[in-house]
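Please walk me through this structure one feature at a time, giving the general idea before the particular case.

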Amino acid sequence: MIFTPIFLPLVKEFGIDPIHFGILMTVALAIGFVTPPMGTNLFVASSLTGLPLLDIAKKATPMIVVFFIALLIITFVPEISLILI
């Protein structure tokens, strides 16, 4: 989020839609919140459930793969994220 004001002028200069860029940043940050080693949501889930962090990370791996596939689709097919505009 801190880099968004830095990257936004570059994004506009390259002709990328700022809304599409915002959606990409949001999805990428969501992936970052659930991936080790700094996955904040993993620490929250571990403290709420009492399960070890590694067990939660292993069980979250299939969803993380789906997140990455969704990020790739959103990145290379911008019409998906911009259909309502």
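**Reading contacts and helices**

A: T35 lies in the loop between α2 and α3, where helices are DSSP runs of H or I with at least four residues, strands are E runs of at least two, and both are numbered from the N terminus. This is a predicted model, in which local features need pLDDT of at least 70 and side-chain atom pairs count only at pLDDT 80 or more, while totals for chains, interfaces and linings use all residues. Residues are numbered from 1 along each chain as its sequence is written, and side-chain values use heavy atoms, with hydrogens and water left out.

Q: Which backbone oxygen does the side chain of T35 reach?
A: A polar contact is a pair of N or O atoms within 3.5 Å; within protein, one must be able to donate a hydrogen and the other to accept it, and residues adjacent in sequence count only if both atoms are side-chain atoms. Here the side chain of T35 reaches the backbone oxygen of I31, at 3.2 Å.

Q: What is T35 in contact with, leaving aside its neighbours within four places in sequence?
A: Contact means heavy atoms within 4.5 Å. With those neighbours left aside, T35 is in contact with L42 and I64.

Q: Is L42 buried or exposed?
A: Buried means under 20% relative accessible area, exposed over 50%, and partly exposed in between, using a 1.4 Å probe and protein chains only. L42, which lies in helix α3, has a relative accessible area of 5% and is therefore buried. Not counting residues up to four places away in sequence, L42 touches F33, V34, T35, P36, L53, I56 and A57.

Q: How do the axes of helix α3 and helix α4 cross?
A: Axes are lines fitted to C-alpha atoms, for helices over the stretch in contact, and angles run from 0 to 180 degrees between N-to-C directions. The axes of helix α3 (residues 40–49) and helix α4 (residues 53–76) come within 9 Å and cross at roughly 120°. That makes α3 oblique to α4, since angles under 35 degrees count as roughly parallel, over 145 as roughly antiparallel, 65 to 115 as roughly perpendicular and the rest as oblique.

Q: Which residues in α3 and α4 meet?
A: From α3, the residues L42, F43, A45, S46 and T49 meet L53, I56 and A57 in α4. By class, this contact has six nonpolar, two polar and no charged residues, where Ala, Val, Leu, Ile, Met, Phe, Trp, Tyr, Cys and Pro count as nonpolar, Asp, Glu, Lys and Arg as charged, and the others, Gly among them, as polar.

Q: Where does S81 lie, and what does S81 touch beyond four places in sequence?
A: S81 lies in helix α5 (residues 78–81) and, at 18% relative accessibility, counts as buried. A polar atom of the side chain of S81 lies 3.2 Å from the backbone oxygen of P78. Not counting residues up to four places away in sequence, S81 touches H20, I23 and I74.

Q: How far apart are I23 and I74, in sequence and in space?
A: The two are 51 residues apart in sequence and 8.4 Å apart in space, C-alpha to C-alpha. I23 lies in helix α2 (residues 18–34) and, at 25% relative accessibility, counts as partly exposed. With residues up to four places away in sequence not counted, I23 touches I74 and S81.
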